Protein chains: 4
Amino acid sequence: MPDGFFSSYDVRVRFAETDAQGIAHHAAYVVWLEVARVAYLADHVGGYRSIQARGVEALTTDVHVAYDRAAAFDDVLTIHLRCVDIRGARFRYEYVIERAGEQVATGSTAHALVDRETRTPTRVPSWFADAVVTAESPA
Amino acid sequence: MPDGFFSSYDVRVRFAETDAQGIAHHAAYVVWLEVARVAYLADHVGGYRSIQARGVEALTTDVHVAYDRAAAFDDVLTIHLRCVDIRGARFRYEYVIERAGEQVATGSTAHALVDRETRTPTRVPSWFADAVVTAESPA
Amino acid sequence: MPDGFFSSYDVRVRFAETDAQGIAHHAAYVVWLEVARVAYLADHVGGYRSIQARGVEALTTDVHVAYDRAAAFDDVLTIHLRCVDIRGARFRYEYVIERAGEQVATGSTAHALVDRETRTPTRVPSWFADAVVTAESPA
Amino acid sequence: MPDGFFSSYDVRVRFAETDAQGIAHHAAYVVWLEVARVAYLADHVGGYRSIQARGVEALTTDVHVAYDRAAAFDDVLTIHLRCVDIRGARFRYEYVIERAGEQVATGSTAHALVDRETRTPTRVPSWFADAVVTAESPA
């Protein structure tokens, strides 16, 4: 586990995610980051659907991925992630993607909470912020 | 134009739609059929968004694609389609996909109209059926 | 497990696989069938990469999906599949997709083995056919 | 056209690219940037396939997208792009995505040329660099 990361989830590269260069297409990583966020929310914050049920929606406002090595079909990739920088309606995630301990990519995403009906920014609720603090604190 | 088809739309194979076999992934065709249906509805039935605005939604209930030849990155494919078999809440599309006049694939999709709110089946309205009859009649 | 099926694999609906109708997009199912085939090959036939290593490639020549119920974000779907009708260079898969024991969709795919270099049809090797017979025989 | 941009290409948001938030999924933008690059290469550098034919391949080493506004199904988005910072084997693209003149997103991608066989970095050839200089010079 990279230093400062306490959560990680695995994805296996699907054949549909490869491209004619014979490697995983770079857009697939953006989907994998989301898969990891959904799993993180399920484990630590009660699940994305329960967040929606509370009337808020998380928009993605920024995505960055830096690719270090190509990933191939059927590779098992471990996505380490942490939620950081909760401020007002906003928060970020940072990611390290590894394959068998070797760094494949790094990334970050930024998000804004909005009211599901009005689509206006909504301050990150304390139950969300508290859950993240717990998730990001070493045992 | 294949016999009995009066509408066609082009798609260009995206690099993201190829796979590690070096050809267009077979799931991409299902997306292209939808792109062609959306264009067909725009040209003949006032557009998909106007259909939604009238309170109905078209669900896809069946998809079939038969692949004759591989398609490659950057190929321009022509999707010929026709709307057939309007009955009650249901209707179908048939497709022939060609590249420079050579058949690449054929397909069909089935759909059911539902009320956007209740999700219950809704008889195909006459304005939809009439528009299809016009679209499918030779000039 | 549906009658006559001995293999099944789970997928969880990704947020990226949903569409503006609020349900899993119908093209995503085609990708999930492939995910199940890859897992089947890994469990029963030594893995897709080992098949490629033997110089053959499996093309998809036909896809059919019939949708019975919508699937939603985060649903866990179980894909039951069986390999059938091995003849010459060709074979088929049949699928039943369930959610908590309720049928969501059924499908089938057809495939042809080709030589990786020449792309010409290659008779299904006995090690492949034997492995399938074993996989499809009740214990 | 944003200041300093001389090339732009349109994409129409596909229904398959929307998600259950009712907007275009954020990973779709990464695919659209690639669609724009492919069109740029076709117009200015002889096409991506001709680049491959010369024995080089462009890898994507970094992707960044900042989302300003949501895009909806069937929106026509204009992707303005420019190729910048050609140095050694590396070059970058910068993007502004607009809808009817309103900024929807900005982005950048970084790329490295590699030899198709050896996968080792290959200096950007002069025919590529010269073509970019021409494309990026005001008429």
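This is a predicted model: local features need pLDDT of at least 70, side-chain atom pairs count only at pLDDT 80 or more; totals for chains, interfaces and linings use all residues.
Residues are numbered from 1 along each chain as its sequence is written, with chains lettered from A and ligands numbered from 1 in the order in which they are written. Local features need pLDDT of at least 70 and side-chain atom pairs count only at pLDDT 80 or more, while totals for chains, interfaces and linings use all residues; side-chain values use heavy atoms, without hydrogens and water.

**Exercise 1.** State in which order the strands of the open sheet lie, and which strands are at its edges.

Solution. 
- Step 1: Strands (E, at least two residues) and helices (H or I, at least four) are DSSP runs, numbered from the N terminus. Two strands pair if DSSP finds at least two bridges between them.
- Step 2: The 10 strands follow the order 1(A)-3(A)-4(A)-5(A)-2(A)-2(D)-5(D)-4(D)-3(D)-1(D), with antiparallel pairing.
- Step 3: Strand 1 (7-12) of chain A and strand 1 (7-12) of chain D are the edge strands, each pairing on one side only.
- Step 4: From one strand to the next, the twist averages 25°. Angles run from 0 to 180 degrees between N-to-C directions, and axes are lines fitted to C-alpha atoms, for helices over the stretch in contact.

**Exercise 2.** Describe how strand 5 of chain B pairs with strand 2 and with strand 4 of chain B.

Solution. 
- Step 1: Strand 2 (residues 56-67) of chain B is antiparallel to strand 5 of chain B, over 11 bridges. B:Asp62 has B:Ala110 as its bridge partner in strand 5.
- Step 2: Strand 4 of chain B is also antiparallel to strand 5, over 10 bridges. Here B:Phe91 stands opposite B:His111.
- Step 3: Strands 4 and 5 of chain B form a hairpin with two residues between them, and B:Ala100 in the turn has a positive phi of about 50°.

**Exercise 3.** Decide whether B:Ala89 is buried or exposed, and list what is in contact with B:Ala89.

Solution. 
- Step 1: B:Ala89 lies in the loop between strand 3 (76-87) and strand 4 (90-99) of chain B.
- Step 2: Buried means under 20% relative accessible area, exposed over 50%, and partly exposed in between (1.4 Å probe, protein chains only). B:Ala89 counts as buried because its relative accessibility is 14%.
- Step 3: Contact means heavy atoms within 4.5 Å. Neighbours within four places in sequence left aside, B:Ala89 is in contact with B:His111, B:Ala112, B:Leu113, B:Pro121, B:Thr122, B:Arg123 and B:Val124.
- Step 4: B:His111 is 22 residues from B:Ala89 along the chain, and their C-alpha atoms are separated by 8.3 Å.
- Step 5: Strand 5 (residues 102-115) of chain B is mostly covered, with 10 of its 14 residues buried.
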